[in-house]
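User: Hi! Could you walk me through this one? I have a few quick questions.

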Amino acid sequence: MLSIIAAISENGVIGNNNDLIWHLPADLKRFKKITSGHTVILGRKTFQSLPGVLPNRYHIIITKDKNFFVEDENVEVVNSLDEIITRFSNTEDEVFIIGGGEIYSQLLPYTSKLYITKVKKHFDGDTFFPDIDDSSWNIVEQEIGVEDERNTIPYEFISLIRKI
Ligand SMILES: NC(=O)c1ccc[n+]([C@@H]2O[C@H](COP(=O)([O-])OP(=O)(O)OC[C@H]3O[C@@H](n4cnc5c(N)ncnc54)[C@H](OP(=O)(O)O)[C@@H]3O)[C@@H](O)[C@H]2O)c1
């Protein structure tokens with residue numbers, strides 16, 4: 001089963017200059033909690049934006065570059081999205097698509113669940129989340145984020161399951 005996890009600003013922005021824009025530790029904590037122990041699927045650009053391989057997660061990096069290689073037992077590189085769809089759309093295990101924009105856009109149609117952090121502020125950026133068609137999804141969890149001295153932007157966690 002394919003799930004998406006993403007943090008999205010109120011104008012749909014998810015990143016700029018191959019980096020995240022906002023600092024929201026509560027979102028990073030939730031990301032770690034939800035994805036730990038699972039396989040994560042990510043585009044080559046998002047992988048290169050990370051400080052390194054994420055602990056306790058098996059990574060599948062998508063690139064068209066046949067020579068792209070990461071020497072790590074928890075990293076696999078694939079050149080085709082069809083392979084991802086065939087391998088993971090019907091698994092019992094939840095597999096998490098963690099970005100970025102190109103990968104979210106292409107895999108959203110094959111995704112069963114969305115874990116969205118709504119970052120309730122307008123940000124300028126160059127990468128966007130694709131449109132979510134509200135009529136195709138049921139909200140199953142919704143939680144207003146607690147603001148404090150480290151989390152200074154209003155935010156909300158929301159999970160949606162695709163209507164059958
Ligand atoms: N807010 C969030 O939750 C969140 C999460 C993740 C990332 N981000 C942000 O998103 C931005 C990066 O997103 P992005 O859209 O620029 O890049 P991306 O989706 O991370 O990666 C794009 C790359 O994936 C490969 N690719 C895409 N489609 C493919 C296909 N059909 N077959 C094979 N390979 C394919 C290509 O790699 P090659 O060029 O190597 O062929 C392409 O350049 C950054 O700013 C990052 O910080 C935000």
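Analyst: Happy to. This is a predicted model. Let's start with S3, which is covered on both faces: Thr-39, Ile-41 and Gly-43 are buried on one side, and Val-40 and Leu-42 are buried on the other.

User: How many of the residues of strand S3 are buried?

Analyst: Five of the five, across residues 39-43, so the strand is largely enclosed by the rest of the structure.

User: Which strand do five bridges join to S3?

Analyst: That is S4, residues 58-62, and the two strands run parallel. Within this pairing, Thr-39 stands opposite Tyr-58. To get from S3 to S4 the chain passes through helix H2, residues 44-49, in a β-α-β crossover that is right-handed.

User: And which strand is joined to S3 by two bridges?

Analyst: S6, residues 95-97, which also runs parallel to S3. Here Val-40 is opposite Phe-96.

User: Switching to helix H1, which of its residues are buried?

Analyst: H1 covers residues 25-35, and its buried residues are Pro-25, Ala-26, Asp-27, Arg-30, Phe-31, Ile-34 and Thr-35. Their cover includes strands S1, S3, S6, S7 and S10. Just after the helix, Gly-37 takes a positive phi of about 85°.

User: OK, now Lys-113. Where does it lie?

Analyst: Lys-113 is in strand S7, residues 113-119.

User: Which side chain does Lys-113 join in a polar contact?

Analyst: Tyr-115, at 3.3 Å, side chain to side chain. Beyond its neighbours within four places in sequence, Lys-113 is in contact with residues including Met-1, Glu-94, Trp-137, Val-140 and Ser-159.

User: Last one: Tyr-104. Buried or exposed?

Analyst: Tyr-104 counts as buried because its relative accessibility is 4%. Its place is in helix H4, residues 101-107.

User: And what does Tyr-104 touch?

Analyst: Leaving out residues up to four places away in sequence, the residues it touches include Ile-4, Ile-14, Ile-97, Gly-99, Phe-129 and Pro-130. Tyr-104 and Pro-130 are 26 residues apart in sequence, with their C-alpha atoms 7.1 Å apart in space.

Technical notes: Residues are numbered from 1 along each chain as its sequence is written. This is a predicted model: local features need pLDDT of at least 70, side-chain atom pairs count only at pLDDT 80 or more; totals for chains, interfaces and linings use all residues. Side-chain values use heavy atoms; hydrogens and water are left out. Buried means under 20% relative accessible area, exposed over 50%, partly exposed in between (1.4 Å probe, protein chains only). Helices (H or I, at least four residues) and strands (E, at least two) are DSSP runs, numbered from the N terminus. Two strands pair if DSSP finds at least two bridges between them. A crossover is right-handed if, with the strands pointing away from the viewer, the path from the first strand over the helix to the second runs clockwise. A polar contact is a pair of N or O atoms within 3.5 Å; within protein, one must be able to donate a hydrogen and the other to accept it, and residues adjacent in sequence count only if both atoms are side-chain atoms. Contact means heavy atoms within 4.5 Å.
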